[in-house]
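Please write a short report on the structure shown here.

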Amino acid sequence: MAQGRLITVAKKELFDHLKSRKFLLIFGILLVVAIVGMIGGITEYNKALDRYNEHQSAIDSPLSSYIAEKPSILSVFASVATYLVFVGAILGIAMGFDLVSKEKESKSLKILLSHPVYRDEVINGKALGGITALSGALFVVLFIALATLLVYGIVPDGSELVLIGIFAAVSFLLIFSYFAIALFMSTIMDESGEALIYTIIVFILLSVLVPTLANDTVMENLVGSQPEIPQELLDQMQRPVTNATESNTFSVTVSDKGDNGAWDEYNEQVRAYWEKQQMVKDTFALFSPTMDYQSVTSTITSTMTPGFVLSAGNGVTTAFMVSEGETTSVEDILGKILANIAALLLFPAVFFGLAYLRFMRLDVR
Amino acid sequence: MIQLEHLTKVYNGVRAVDNLTADIPEGEIFGLLGPNGSGKSTTILMLVGLIEPTGGRCLINGLDTVRDPVSVKQQIGYMPEDVGFYATLSAEENLTYFGALYGMDPKVCRQRTAELLDLIGLSGVNKTVSGYSKGMRQRLGLAKALLNDPKVIILDEPTANLDPRGVADYRKIITGVAQAGTTVIVSSHILEEISRVSTMVGILSAGRLVAQGSWKDLAEDLAKKDGGLVTIRVESLDPVPELSHPDIIDVRYETGRFGAIIRARSDIRGAVAENLALHNVRIQGLSREGLTLEETFLSYYQVAG
């Protein structure tokens, strides 16, 4: 019986979402940005693949001293993640902000709770209905993303499929985090308008303010400046080599290992600097699902991709880098993003827990 | 059937319901009367299990509303004053959803829904509840309260938005279910409405139940308590001046003051006549009347403080 009532509430909530104009509208936008992002990502991927193929064939060129890697299919999802981080959050907020407050306003909550149903069945049913709708929406997006890949003749291998699965899972957790925050606001506010405003304030706080605190200026104050390449090393180099990825993991590799001692020392300083900065950023990220999501998706989508041509400043144009002969396994990636995934699990759990407690003690008058 | 035992609810230090004790037998229509803020709605919300008492308890058919909320709710049908439904669903869809929460078989629920919508005059209305008038929503609220064939029906201001035909239908339905053994609690401030349907009445004042019984019993009790309240009707051709007498409880003047209704502790018609004559008021009539419903209610309310 208890499960029956929970399912009854969840089914009603699910159909309410699926029939709601706001859900359909934001879901439509999500689909469009996913398709646009995929097409853009595939175009970039193909270009990178062409560069890789050119490099492979140009073994006599001056650049043959470094090793390039075949680009990862995961890089295609980078631009999808860029859109999803905002549109997904908005979808979660739109689905959650009036779940309880709307029932308070319309007085249907009083009617609902006068029926033989426990309050936890009502709040769990609401969450379950929302989660099911969100999962369905993400499943469709993922399905279309994979279909787009196949249409362009790109077939992911097993490990790439696992990473795509992780990408989908963290995307779900991001949306569910904001859904849970919105649901919490909906339980503590009497009006949906208020709940929406406060949810948006929290969204701005977590997705703009916290990441701003982790910007370069603040970082410089907290962890100092990045160590500069000693002049003697620059002098030795015909082509300085620098490597940085979007996730700020850093490594330096030279093809000419004539002066390993100086390089190793510098490399160690740079690694320590970036590790320290990453630790501070990870700490900030624990308070922002947006940062956690960006951290996870950038790690996933930039792993096993070819390096970037960067400017190291001082008028010296650097060539690029890759970790020589290294490929990152799924286990390695998971190791890097585990804290972020844990935080992404914690956020919805905490806010849903708060919403649950509040709803259980709600005086319905 | 329903026992309220020392029921108390305190909101932010204010006793909305104060040590309320009552016993409502099966098959009675119990009218809960009281002015705004007297604790009627709070009492009903505790009965329905929507708020928890600060002290005391409510028992419905022997079940505690706090300890066995789901079992209690399975046996009651409730219609709040500001009845709210899911606006994007039709009447059938709303009732089907609530029927599912009662654990009703879908086929039985559909059949019952059709019967009830026919009973309240909403069958064939093919629109969502968002397009319903307040009166239609209130009719639907009554249907919802009857959906599970409850042992107890609790109605808060059930006729507030109904048209005369709707009120007549409501009275017929409520009287019918009570005759079939269902206990009904009706909260209202419309005395006429309560007097038409209720077999028992309880008067609340400042959260306390100041009287309980039939109207006749209450009027008799009141008369005994106060040594016999007397209502005197004055009809005059000249405006009635301010009247004063130690036994007068209150005076209501009619429009233009060409008449007044005096409530007094004794028959003071002689003194009133003298007073009016003193002011050269031509008297058309000076009669003693029995207590009206309103007077009985106001007397109890006044006695309570």
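## Terms and basis

A salt bridge is a side-chain nitrogen of Lys or Arg within 4 Å of a carboxyl oxygen of Asp or Glu. One such pair joins A:Lys110 to B:Asp82, with the closest N and O atoms 3.4 Å apart. The count between chain A and chain B is two salt bridges.

This is a predicted model: local features need pLDDT of at least 70, side-chain atom pairs count only at pLDDT 80 or more, and totals for chains, interfaces and linings use all residues. Residues are numbered from 1 along each chain as its sequence is written, chains are lettered from A and ligands numbered from 1 in the order in which they are written, and side-chain values use heavy atoms, with hydrogens and water left out.

## The interface

Contact (heavy atoms within 4.5 Å) links 24 residues of chain A with 25 residues of chain B. The two chains bury about 2,400 Å² between them, 65% of it on carbon and sulfur atoms. Buried area is the accessible area (1.4 Å probe) that two parts lose on being put together, summed over both. On the side of chain A, A:Ile111, A:His115 and A:Pro116 lose the most area to chain B, together 25% of what that side buries.

## A sheet in chain B: S12-S13-S11-S14

Strands and helices here are DSSP runs (strands E, at least two residues; helices H or I, at least four), numbered from the N terminus. Two strands pair if DSSP finds at least two bridges between them. Four strands of chain B make an open sheet in the order S12-S13-S11-S14, with antiparallel pairing. Its edge strands are S12 (248–253) and S14 (283–289) of chain B, and each pairs on one side only. From one strand to the next, the twist averages 15°; axes are lines fitted to C-alpha atoms, for helices over the stretch in contact, and angles run from 0 to 180 degrees between N-to-C directions.

S12(B) and S13 (259–264) of chain B pair over five bridges, in the antiparallel sense. There, B:Asp250 stands opposite B:Arg263 in S13(B). Helix H9 (269–278) of chain B packs on this sheet and touches S11 (230–236), S13 and S14 of chain B. The direction of H9(B) makes about 160° with that of S14(B).

## Another sheet: S2-S1-S4-S5

Chain B also has an open sheet of four strands in the order S2-S1-S4-S5, with antiparallel pairing. S2 (14–24) and S5 (63–64) of chain B stand at the edges, each with a single partner strand, so one side of each is left without a neighbour in the sheet.
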